[in-house]
Amino acid sequence: MSSPRFRPLRGLRILSLGLNLPAPVALQACRALGAQARKLEPPAGDPVATFAPALYQALHEGVKVLRLDLKQAAGQAALQRELARSDVLLSSFRPSALQRLGLGWRTLQRQHPQLWQVAIVGGCGGRAEEAGHDLTYQAEEGLLPPAGLPRTLLADMGGAEQAMQAVLQAALGRAQGARPRRLEVGLADAARALAAPLRWGLTAP
């Protein structure tokens, strides 16, 4: 754990559109490092608030949450105001879904040239549009036990860790005057990274 007085992300403004687990975990970790954390949710809210309210509360401590309908003009106008005051956009939607909301990377670059993006997707590159689940990604890497379900969500938590690292990259890039970039984090890739000891032959049944 870092010292409460060591806040390397102090002053960094992060706007999150990410629901469920990876993006909120990453956002809370960045807030603990001093970032200003804001989150936009749809009118129905984040599903985690329904099936795990205590977890939702813990992951959103100190996070300013706004509920907007981004399919309506008023919601889009509010979104643009939030983007204009942000340094990093954290998302967890497929690229095509962001395009439909007017949040494709080229559009963001044109309208908000100061903005970096950390995009959490199912898999990097050509797999960004694929639907998946933590279990899917663990199964691909041979991480599921022979019988039963895994005891934890390795891909989601590993993806959250990689997303936080990407935010740190964005903060360093800003400090060095680099041109804003879109940084992609794939949950399938996070599972593959965690499965490396298995591929290396360091673990066995």
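**Exercise 1.** Divide the lining of the largest pocket by class.

*Solution.* The lining has 15 nonpolar, five polar and four charged residues (nonpolar: Ala, Val, Leu, Ile, Met, Phe, Trp, Tyr, Cys and Pro; charged: Asp, Glu, Lys and Arg; polar: the others, Gly among them). The model is predicted: local features need pLDDT of at least 70 and side-chain atom pairs pLDDT 80 or more, while totals for chains, interfaces and linings use all residues. Residues are numbered from 1 along each chain as its sequence is written, and side-chain values use heavy atoms, without hydrogens and water.

**Exercise 2.** State the volume of the largest pocket and locate its lining.

*Solution.* Step 1: the volume is about 600 Å³ (a pocket is an open set of points on a 1 Å grid over the protein atoms alone, where a 1.4 Å probe fits, with protein on both sides within 12 Å along at least five of seven lines; lining residues have an atom within 4 Å of a point; points are joined across faces, edges and corners, and the volume is the space filled by probe spheres set on them). Step 2: of the 24 lining residues, Asn20, Pro22, Ser92, Gly132 and Leu187 lie nearest the centre. Step 3: helices H1 (22-32), H2 (47-51) and H7 (134-140) and strand E5 (116-121) each give two or more residues to this lining (DSSP runs numbered from the N terminus: helices H or I, at least four residues; strands E, at least two).

**Exercise 3.** Describe the second largest pocket.

*Solution.* This pocket holds about 240 Å³. Its lining includes Leu17, Glu41, Asp69, Lys71 and Phe93, and divides into nine nonpolar, no polar and three charged residues.

**Exercise 4.** Classify the packing of H1 on H8 (residues 154-175).

*Solution.* Step 1: the two axes come within 8 Å and cross at roughly 45° (lines fitted to C-alpha atoms over the stretch in contact; angles run from 0 to 180 degrees between N-to-C directions). Step 2: H1 and H8 are therefore oblique (under 35 degrees is roughly parallel, over 145 roughly antiparallel, 65 to 115 roughly perpendicular, the rest oblique). Step 3: Pro22, Val25, Ala26, Ala29 and Cys30 of H1 make the contact with residues of H8 including Asp156, Met157 and Val167 (heavy atoms within 4.5 Å). Step 4: the contact has 10 nonpolar, no polar and one charged residue.

**Exercise 5.** Classify the packing of H8 on H9 (residues 187-194).

*Solution.* The axes come within 8 Å and cross at roughly 100°, which makes H8 roughly perpendicular to H9. The contact residues divide into seven nonpolar, three polar and two charged.
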